[in-house]
Amino acid sequence: MEWNYLTTVEEMEADAKKLREMGLLSGAETWEDRKQNQTPQCKFGEEGICCRICSMGPCRITPKAPRGICGADAHAIAGRNYLRFIAGGTAAHSDHGREICHTMNATERDGHYQIHDEQKLLKLAKEWGVETEGKDIYDIAHETAHVGLMEYGKPFGTLNFLKRAPEERQKLWDDLGIAPRAVDREIATAMHMTHMGNSAEAKALVTQGLRTGLADGWGGSMIGTEFSDILFGTPMPKDTEANLGVLEKDMVNIVIHGHDPAMSEMIVLASEDKDLLEYARTKGAKGINIAGLCCTANEMAMRHGVRMAGNFLQQENALLTGVVEMIAVDVQCIFPALGPLSECFHTKFITTSAIAQIPGSIYVKFEAKKAREQGRELVRMAIDNFENRDPNKIFIPKNKQTATVGYSCEAIKKQLDTVTNSHLDELDTYKPLIDCIKSGVIRGAVAIVGCNNPKVRPDYSHIEIMKKLIANDIVIVASGCSAQAAAKAGLLSKEAKEICGAGLKRVCELADIPPILHMGSCVDISRMMLLATGIAKDWGIDIPQVPVVGCAPEWMSEKAVSIANYVVATGIDTYLGIEPQVKGSSQMMELITEGTRKMVGAGYIINKDPEDLVNAMIAGIEAKRDALGI
Ligand code: BF8
Ligand code: SF4
């Protein structure tokens, strides 16, 4: 059946173009302008063969100069750059997780932060050997937070969450020596190995890359996800809307942006306070409208139904509408461009973390013990700014779509149970999903994740790949900016079943789900690891055998490469639409595509053409089915 409900990339581009034209009148520039100034980009950087890790350099590899001054060759230089990239990503995700541990440690029964999922806390406490009998839930929370914090720096042993992986995986990680120790230890080891005068062997660097990545996915990120659920609630399906059309002309608009939900949670709560709503009315506004960007949007949408203004490359566009009274950010993926851009409008740009201090912002250091009041102060500041809008600078694109978000593993299992109607006491099985895959009603699953990127046509690859996969009866789980690309297009709507293959459409109808399940932010890719693990365990096979693959068609950040490493190390092939910057080393290219496959049973498949990439994914899934004889 034809279905004309999707917002096309062309429509999104037309909105962006109009905003950019409006912005030019206010003296604003955007990433499109800066990209032009940066083109052509440095070939040495792109191929990973520029080294500047000591002051004898920078050294660049050319046919005439095949080694740096110290003798490092292209493989050493590209390998070291690659490992440092991963370390940066693991550090970012994991430090986010650590902050959430500190927030959990600051919880009090009458405090600013409280426990919202006691069951999940008790389960985790038991898993980690924290005594729960006869204890106050807040004492349990604090003790569990301490165990979590020790995961970052414990001197002995490996990460607690590794025990959640299938036994074959655990053994493989041990045998290969890539079972991560403490999170910080792996980041430090990666930095130490890549210091001048240490590892020059590409394989050793790639191997530590896998271990550092695992410290993210089965360490820092998983801690971030679990603790966020305990603090703010485990996501269950919620309806929301996405794209710039969620900004409201007559309301005070506050855009929240970043990753750690602690700050945005307080702003959302404050926006519901009756006295502040009343205050907004006295200033001529009809209400207070909170909208999210990037992973904060995902976190807040799936727990509060907060609407999503857009993904990474849309952050400037939100301000260009001229109706944003405040953009409040915490950490990661925040353009420094927001400083000068906010000065072209009345928008107040608020930074809240010592990790992300940006010129042109007002810095309000967020603290767990004062957070509720700080949230209220920020909302009040935004309300006071409402009257400063310049009516000549306003343009709100109309496009927005409805989306159902918030499919945690718990939610997926619950939803599956509605299909079989088994109402199992313990909703702890993926058997209905496995049956669908075995019978071929669903061919397999793809996890589509990651950023959008000016190196390609933004959002286009995400959307085209998703459309083709669901048309081929492949169910999708999505997170991060990929999930938002889907949301903006309308692909997270249950109606999107209309463009699915007959098998997937039937499953969507029976289970009352959209064909693309929103699993949250980028740290929530840890949920996808548990989903893959759960399927493999319930099926009785190892993860690389399951017809499931990962895909980051437009990735850009260090975090994305860290993720790709733990996804691969977990045994899941990962399809990339942007080339990792190692092309200047044949050894590195071989290692990341085929070398890891020999080690952990999975690797990267890289193709810049989205059509080729999606075809390769479908072929990969069918090959896994053939190997299983299904
Ligand atoms: O962590 S997908 S642009 S927002 S890095 Fe950033 Fe990429 Fe978006 Fe979330 Ni993930
Ligand atoms: Fe050059 Fe070697 Fe120093 Fe790198 S470590 S900058 S290759 S001398």
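I'll start with ligand 1. The residues around ligand 1 are H259, C294, C295, F312, C333, G450, C451, C481, C522, M556, S557 and K559. Please keep in mind that this is a predicted model.

For H259, an N or O atom of the side chain is 2.8 Å from an oxygen atom of ligand 1. For K559, the corresponding distance from a side-chain N or O atom to an oxygen of ligand 1 is 3.0 Å.

One more residue from this shell deserves a remark. C294 is not a glycine, yet its phi is positive, at about 50°. C294 belongs to helix α12, which covers residues 294-304.

Now ligand 2. Which residues surround ligand 2? They are C51, I53, C54, M56, G57, C59, G68, I69, C70, R80 and M196. Sorted by class, the shell around ligand 2 has eight nonpolar residues, two polar and one charged.

G57, from that shell, also takes part in a cis peptide bond. The bond joins G57 to P58, with omega at about 5°. P58 sits in the loop that runs between β1 (50-51) and β2 (59-60). There is also a cis peptide bond between T39 and P40, where omega is about -5°. P40 is in the loop between α2 and α3, the latter being residues 43-47.

While we are in this part of the chain, a word on salt bridges. The structure holds 51 of them. One of these joins R20 and D33, with the closest N and O atoms 2.8 Å apart. R20 is in helix α1 (residues 9-25) and D33 in helix α2 (residues 31-38), and the two residues are 13 apart in the chain.

Next, the domains. The protein is divided into domain 1 at 66-232, domain 2 at 244-393 and domain 3 at 408-628.

Domain 1 brings 40 residues to the contact and domain 3 brings 41 residues. The area buried between domain 1 and domain 3 is about 3,400 Å², and carbon and sulfur atoms give 67% of that. Which three residues supply more than any other three of the area that domain 1 buries against domain 3? They are Y82, F85 and R169, and together they supply 20% of it.

As for individual pairs, the side chains of R527 and D229 meet in a salt bridge at 2.8 Å, N to O. Between domain 1 and domain 3 there are also 15 residue pairs in polar contact, counting pairs with both residues at pLDDT 80 or more.

Which elements of domain 1 give two or more residues to the side that touches domain 3? These are α4 (74-105), α7 (167-176) and α9 (202-232). The largest share, 16 residues, comes from α9. By class, the residues on that side of domain 1 divide into 18 nonpolar, 13 polar and nine charged.

Note on methods
Residues numbered from 1 in each chain as written. Chains lettered and ligands numbered in written order. Predicted model: local features only at pLDDT ≥ 70, side-chain atom pairs only at ≥ 80, totals over all residues. Heavy atoms only, no water. Domains from an automatic or database assignment. Contact = heavy atoms within 4.5 Å. Buried area = accessible area lost by both parts, 1.4 Å probe. Salt bridge = Lys/Arg side-chain N within 4 Å of Asp/Glu carboxyl O. Polar contact = N/O pair within 3.5 Å; in protein donor to acceptor, adjacent residues only side chain to side chain. Helix = DSSP H or I, 4+ residues; strand = E, 2+ residues; numbered from the N terminus. Nonpolar A, V, L, I, M, F, W, Y, C, P; charged D, E, K, R; others polar. Near = heavy atom within 4 Å.
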